[in-house]
Amino acid sequence: MKTKAKEKVLKQLRVICSSQGKVTANQLANSLNLSRQNINHYLIQLAQEGRIQKINGRPNYWIVPSTQPANDLTQSCLKSVIGYNGSLRSVINKCIAGIKYPPQGLNILITGNSGVGKSYLAKKLFEYSKESSIISTNAPFVVLNCADYADNPELLSATLFGYKRGAFTGADHDVQGLIANANEGYLFLDEIHRLSSENQEKLFLFMDTDKYRPVGEYNKWYTSKVRLIMATTEDPQKYFLDTFLRRIPIRVQLKDFSQRPLTERIELVSSLFLKEAHKLEKQIIISSEIMNALTFNEYSGNIGTLKNLIKISCAQAYAACTDKRLEITTAVFPGKLTMQKTLDTLVIDPNQKQSLLSDYNKYNYSDHLENLLQQVLKNVDIQIIKNKLEKFLLLIKNENDYNFEDYQSRNLLHLWNNYVVERYGVVNSLSTFQLCLTLKNTVLYLNQQLLNSVYKKICKKYCRTTYIVETFFKKIAFFNEDKVLLLKIVTALLISDFVNEKININGLIIAHGKSTASSIQEVVNQLCGNYIYEAIDMPINSSLTDVVDQVKKYLHDQSSLHDLILIIDTGSLNQIYTLLKNEIKGNLIVINNLTTSIALDVGIKISSQQNFIDITKELKPYYRIDIKSFDGFSDKNNIIISCMSGLGISKQLKIIFKKYLKNNFKIYTMKYTQLKEMIDKNDNDFFKKTVLIITTSNLPTSFLIPHFNIYNIFDSKNSNLFQEILVNQIGFKKYNTLIKELIKFFSIEGISARLHLLNPKIVINDIETVILRYENYLEYNFPEKTRLNLYMHLALMLERLLLSNKKSDSDKLPAVTDQKKINFLNISKKILHPLELKYNVSVSNYEISLLYELMSS
C-alpha cells in the first residue's frame, strides 16, 4: 500500500510540474488530500531514489528532472513582460522555441491590434537571445516600419537590401541595406502587411538562402545571417502570399488590453504609473474611480492609449501639485469614467524598483459574491442572478488565467462527464461546471449563515438539481466543508437550466448486479435528454429487505418527494407495499419487470410531464403493476366528485365547487368505476383526507366517508349534513349562493334534452330573473326543490307557447274570487311582461294559475 501511495505522489508531482515546473509539499498535500507529514515522507524517499530533486528555499520546491521546464523565466529579462507566467505564457514559450531552434532560429510573426505591445515583445525577445548567449552581446537590433515606405515599394526594397551606385537617380555611391546592418542579429519588421508582393518574394528568397542582391546588382550575391521578427495589425491570410506565410512557422497573437486578466491589467497600469513616479520623484496616489476607469474601459489604442492617459493625468496633477505627492483624481483624468466600484485606491512610491501589488486589494471577490447571494434571498429574478454569476466566474477565470489542466480539475471534469452528463443525462452542462471550478482555488471569506440560508432556498426551488449536485459532491473528499457548500450553491444555480424541474414524479430503478440498474439509467436518461431516473445497483445476494432499505435511503435524500415509480428486477409487490408503507407520502407504482424498453416507455411518460393517474391508466394494460397511496388519496383535505354519466358533468361541478371552496379543500374528479373499485377494496386509507364525496348515484350505506347523491341535496330532509359540512367551511351566505348555482346548473342539464327551439343557457338567465322577482314580491326564498321545478316549468312553458304561437288569453278561467289569487295574477302580469315582450308570447291566466299552484306547494 505504501508503494502505491508513493507512486501516486510521484504521478501527481509529474502532472503539476508539467504545467508549472515545480511544486511545494503543501500543494501536493492539498491536491492528494494527504497529510503534510506523509507527503514529506514519500518525497524524501523519492529524492533518495534519485527520481525527484529538491530546490532549497522558503518554501522548498520539488521537481521531476525529466519534467523540469527548459524555459525557466524567473531569472530572465522576460520576467519583466507582464503576463509572462500568465496570459502570455504560451506566446512566450512559442517564441523561445523559435529563437532556440538550430541553426539560427525560426522566423516569428506577432499579430495583434495597435498598442498591444508587439514592438515591446520583439525587443524583449532580442534581449533574451543575448542573455541566453544565442547571439552575441553586441549583436544589432534593427527596426523597420514598412508603413513608412508603403507608397514606394522600390525605395522599401532599397532600404531593406541596399543599392549599388547608379541603381537609380541620386544613387551616387553604394549603400548597405538593413539586412546587412542586422547581420548576426535581429531585424524587426513592423507593419509587415505593407510589404508589396514583389518585396515578399525577395524576402522569402532571403529567408531560404540567407542570400540577397542589392538594388542595381545583377551578378553578385551577398550573404547575411539575420533572425527575423515581424509584426502586423492585420489578418496575415488576407495580405501575405501563401509562399511567404509558409516561411513563418512561429505565429503568435497578443490580446487586447481589455481581454487580458484583471491582475495583468492592474499590473500594467501600476507599472506605467511607476515609470512616471521615478521620473517625477513623487509619490502617486491613484483614486479608486481612476483605477476602475483605467482597468475596466476598452481602448482602441490599447496600452499605447493607456500610457498617454496616464502621462496626461500625471502632467495635470504635477502642474497643480504643492507637495511631494501627486493625486490622480477625476479632476485631472482626461478619459471616460466607469460605473464599476470594485478596485481600491492605489499608492505608488517612487522608491519602488518594480510594481508591488501584494498588499493591494485588487478585487473584493467575497463582497461581490455575497451581494449576489443576498439577491437570491431577496427574490430577485433568478435568471438575472444566474447571468451575473456567470459573468463573475468568467472574470475570475480571466483574472487567474485558469486552464483547468491541473490534475484535480481534470479528475473533477472527468467525474462530472461520466457521472452527471452521461449517467443523469444532464447534457451540455460540462462547460458550465468547468466555469464553477474557478472558485475551487479562489480565496473567499463568506458568511456561513448566508450560505446555509441560500442553499436551503435553492434546495426548495431546485429539488431535482440539488439532488444531483449533492450526489456528485458526496464522491469528492478533498474540499473543506465551506468550500463544498459554496460550490454546491454555484453549481446548482448554473446547471438548473439543464435540469427539468417541472417533472413531479420520481423514477427509481433497482436491479441486482454491478451495473445493471445504472446502465439502464444511463441509456434512458440520455435518450430522454434529462434526469428522469436514479438507479441503485444491488449485490447479487441482496434480500428484499436490503432493497427496501436502499429505497428508504433514497427517499430520505429527496428534498421534495413527489409520486414515485419504482422499477425492480425481482420482488413481491405486496411485500414492498407493506415495507414502504410508512415512507411514501405520495402515490406509488411498482413494476417488477425491469427491461430497458419498459424503463424507456415509462421515462418518456414522466419526461412529458403526464400526471400520475394518466400514467397509471396507460401502464396497467401492458405491465404487471399495482398502485397505492399510503397516506391517502391526497395529502390535503379533499372532496371527490364522481358521476356515473362520465367525467364531463364531474368537471363542470368541480368548477362550481372550486369557486367557493378553493382555499378550503382540494377538489378531485374521479371515474365512478374507479371510485367503486376503491370502495369495494374497503381501503379506508385511500380516503384518509377525504371530507366529502359527491355522486349522481347512491353509494353503499356501509361506506363510512360522508357521501351524497347531488340530486338529494335539494331535498331539505337529506341536505342537513351536507349543509353542515360546507357551512362550517364557507359560511351560510356562500353556501346559499353555491346551492343556487347548482340548481341553475342542473336545470340547464335537465332542460337541455327537452328544449328544441330555445337555447338553455340563455333562457335560464331570463328565468332566474323571474324567480328572483317572485321571491322579492313574496319576501320568501323558495326551497331548492321548488326552485329546480320552477326552472324546468318556466323553460318548458316558454317553448310550448312559442311552438303553439298563442298570443291571446284563450284559456279563460272561471271568475276568481280568492283575493290572494287575484293579487298573484296581477303581480304575475307585471313580472312576466318582460319575458312576454322578449319572446313574443302571451302568458295566459291558466299558465299563471299553474305557477300559483307550484309556488303554493
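Strand S20 and strand S22 (residues 690-695) run parallel and are joined by five bridges. Helices (H or I, at least four residues) and strands (E, at least two) are DSSP runs, numbered from the N terminus. Within this pair, isoleucine 639 stands opposite leucine 692 of S22, and isoleucine 641 has isoleucine 694 as its bridge partner in S22.

Before I go on, a word on the source. This is a predicted model, in which local features need pLDDT of at least 70 and side-chain atom pairs count only at pLDDT 80 or more, while totals for chains, interfaces and linings use all residues. Residues are numbered from 1 along each chain as its sequence is written, and side-chain values use heavy atoms, with hydrogens and water left out.

S20 also pairs with strand S21 (residues 666-669): four bridges join the two, which run parallel. There, threonine 669 of S21 is the bridge partner of isoleucine 641. What order do the strands of this open sheet take? The order is S21-S20-S22-S23, four strands with parallel pairing; two strands pair if DSSP finds at least two bridges between them. The edge strands are S21 and strand S23 (707-709), each pairing on one side only. From one strand to the next, the twist averages 20 degrees. As a general point, strands of a sheet pair through backbone hydrogen bonds, either parallel or antiparallel.

Why is S20 largely enclosed by the rest of the structure? Five of the five residues of S20 (residues 638-642) are buried, so the strand is largely enclosed. Buried means under 20% relative accessible area, exposed over 50%, and partly exposed in between, with a 1.4 Å probe and protein chains only. Both faces are covered: Asn638, Ile640 and Ser642 are buried on one side, and Ile639 and Ile641 on the other.

Strand S13 (residues 325-328) shows another pattern. In a regular strand the side chains alternate between the two faces of the sheet. Strand S12 (residues 283-286) runs parallel to S13, and four bridges join them. Leucine 326 in S13 has isoleucine 284 opposite.

I turn now to a pair of helices. Helix H2 (residues 25-32) and helix H3 (residues 36-48) pack at an angle of about 115 degrees, their axes 9 Å apart; axes are lines fitted to C-alpha atoms, for helices over the stretch in contact, and angles run from 0 to 180 degrees between N-to-C directions. On the H2 side the contact is made by Ala25, Asn26, Leu28, Ala29 and Leu32, and on the H3 side by Arg36, Ile39, Asn40 and Leu43. Contact means heavy atoms within 4.5 Å.

Two single residues remain. Asparagine 107 lies in the loop between helix H4 (89-100) and strand S3 (108-111). Is asparagine 107 buried or exposed? Asparagine 107 counts as buried, because its relative accessibility is 14%. A polar atom of its side chain lies 2.9 Å from the backbone oxygen of arginine 247. Not counting residues up to four places away in sequence, asparagine 107 touches Met207, Leu228, Met230, Arg247, Ile248, Pro249 and Ile250.

Finally, leucine 588 has its place in strand S18 (residues 587-591). With 0% relative accessibility, leucine 588 counts as buried. Leucine 588 and asparagine 506 are 82 residues apart in sequence and 9.7 Å apart in space, C-alpha to C-alpha.

Technical notes
Polar contact = N/O pair within 3.5 Å; in protein donor to acceptor, adjacent residues only side chain to side chain.
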